[in-house]
Amino acid sequence: MDNFQTVLRFFMNQKTTIGYSFMALMTIGGERVFSMVSFQCPCNHDQNFAYGLTFLLGPAAVLFILSLFFSTRMWRLYTGCCLNPIKLCPRGNCCGCFRVLMSIITGACVAPVMWLSVALLNATFYECAISGLDNSLVVDLFCKNKTLNCQEELARVPCDRSKLPSDERMELLLMFRAQSQILGWTIIIVATAVGLLGTCYKNCRSQVSYLQLTFWKRYMEKEKECFDTFAVEYATKLAERNLRSFFDNKEPLPMPFPNHKAWEEISAYYTFTKSEQCYSILQRYVEKTDRDFTPEKTPVMDPEHGAEMS
């Protein structure tokens with residue numbers, strides 16, 4: 001049993017690494033499926049570039065949008081900001097808001113960068129896109145010291161319909177693949193370097209020590225887990241209480257519930273300060289000496305639009 005708990009604790013501590021590894025495997029699998037099943041280069045000058053670039057950048061754009069869509073940090077920052085713009089920059093901390101926004105965008109870039117890296121290393125999409133360019137510099141670069149019909153047949157090189165000699169076609173393919181893989185490795189190196197420098201800068205500017213920062217991260221993880229558990233538990237109790245009141249046809253039993261202002265306060269984005277020993281906005285709220293315990297009349301909410309209904 002102890003060994004099982006040790007293994008489980010190891011996987012829980014490495015869940016970020018495991019998550020990124022799983023994301024990388026899914027990206028590789030998705031790229032292979034696109035390459036083998038749906039991608040068929042048209043092999044003509046008018047469509048190659050647009051078609052190849054669409055498959056190269058299209059999934060990256062979709063992954064970026066989905067990453068933003070599923071980012072709880074972004075929705076925590078922007079939910080209700082149209083009605084209450086001060087939520088974007090609580091306490092007038094515009095720099096902190098900008099840092100949060102940059103961290104959200106950076107996190108959303110992980111999946112697109114993985115896709116671009118894998119797609120460029122495989123080179124299938126790049127071969128199709130680059131062979132359709134009509135730019136004279138590009139054509140001269142590829143067709144230098146080649147036969148006269150190289151420029152006309154360049155767009156057909158990714159397919160088997162090219163009329164070029166086999167050795168010349170293979171040379172062009174190898175050139176395309178080399179350039180694509182160089183770009184892929186460049187993106188990987190730049191992304192790794194930026195991630196390392198960003199982490200170094202963030203830790204260097206940290207107001208807490210390494211061990212306290214580690215504790216802070218563990219606390220935030222546990223608080224989120226406990227919040228989800230409590231939310232399910234209290235939502236179940238509230239649903240049972242309302243249904244019992246409805247079917248028994250009697251007044252509902254009183255149930256303590258945070259008021260609207262309390263929900264607003266704990267939904268704000270948290271910024272650490274040395275003046276108080278708090279690790280989250282929830283802890284800061286519950287330790288306030290002037291908390292408002294007055295219950296508020298529960299509003300009827302429109303779940304589709306998230307607004308009160310009269």
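The model is predicted: local features need pLDDT of at least 70, side-chain atom pairs count only at pLDDT 80 or more, and totals for chains, interfaces and linings use all residues. Residues are numbered from 1 along each chain as its sequence is written, and side-chain values use heavy atoms, with hydrogens and water left out. The protein chain has 13 helices and two strands; helices (H or I, at least four residues) and strands (E, at least two) are DSSP runs, numbered from the N terminus. Of the 310 residues in the protein chain, 26% are buried. Here buried means under 20% relative accessible area, exposed over 50%, and partly exposed in between, with a 1.4 Å probe and protein chains only.

**Disulfides and other cysteines**

- Two disulfides are found in a search of the whole structure, a disulfide being a pair of cysteine sulfur atoms within 2.5 Å.
- One of them joins Cys41 to Cys128, with an S to S distance of 2.1 Å. The torsion about the S-S bond of Cys41 and Cys128 is about 80°, so this disulfide is right-handed.
- Cys41 lies in the loop between helix H2 (15-38) and helix H3 (48-69), and Cys128 in helix H7 (residues 124-131), so the pair ties together parts that are 87 residues apart in sequence. Both Cys41 and Cys128 are buried.
- Cys43 and Cys159 form a disulfide with their sulfur atoms 1.5 Å apart. The link of Cys43 and Cys159 is also right-handed, with 70° about the S-S bond.
- This pair links distant parts of the chain, 116 residues apart: Cys43 is in the loop between H2 and H3, and Cys159 is in the loop between helix H9 (150-153) and helix H10 (166-204).
- Cys43 counts as buried because its relative accessibility is 4%; Cys159, at 13% relative accessibility, counts as buried.
- Cys204 is in no disulfide, and the nearest cysteine sulfur, that of Cys200, is 8.6 Å away. At 65% relative accessibility, Cys204 counts as exposed.

**Helix H10**

- H10 has 39 residues and reaches 56 Å from its first C-alpha to its last, close to the expected 57 Å. The expected span of a helix is 1.5 Å times one less than its number of residues.
- Buried positions in H10 are Glu168, Arg169, Leu172, Leu173, Phe176, Ser180 and Gly184.

**Aromatic contacts**

- The whole structure holds 13 aromatic pairs according to the search. Rings of Phe, Tyr and Trp (its six-membered ring) pair if their centres lie within 6.5 Å; planes under 30 degrees apart count as stacked, over 60 as edge-to-face and the rest as tilted.
- Phe39 and Phe125 form an edge-to-face pair, at 4.8 Å centre to centre and 70° between the planes. Phe39 is in the loop between H2 and H3 and Phe125 in helix H7, 86 residues apart, and the pair links these distant parts of the chain.
- Phe39 and Phe125 are both buried.
- Ring pairs link Phe39, Tyr51, Phe55, Trp115 and Phe125 into a cluster.
- Phe230 and Tyr234 form a stacked pair, 6.3 Å centre to centre with 15° between the planes. Both residues lie in helix H11 (residues 210-248), four residues apart, about one turn of the helix.
- Phe230 is partly exposed, with a relative accessible area of 48%, and Tyr234 is partly exposed at 35%.
- The charged end of Lys237 sits over the ring of Tyr234, 5.2 Å from its centre. For this, NZ of Lys or CZ of Arg must be within 6 Å of the ring centre and within 35 degrees of the ring normal.

**Nonpolar cores and contacts**

- A nonpolar core is a set of buried Ala, Val, Leu, Ile, Met, Phe, Trp, Tyr and Cys residues joined through side-chain atoms within 4.5 Å.
- The largest nonpolar core has 26 residues, and those with the most contacts inside it are Phe125, Phe142, Leu154, Val157, Leu172 and Phe176. The elements giving two or more residues to this core are H3, helix H6 (110-122), H7, helix H8 (136-142) and H10.
- Cys278 counts as buried, at 4% relative accessibility.
- Leaving aside its neighbours within four places in sequence, Val157 is in contact (heavy atoms within 4.5 Å) with Ser162, Leu164, Arg169, Leu172, Leu173 and Phe176.
- Among contacts in the protein chain between residues at least 6 apart in sequence, 60% join residues at least 24 apart.
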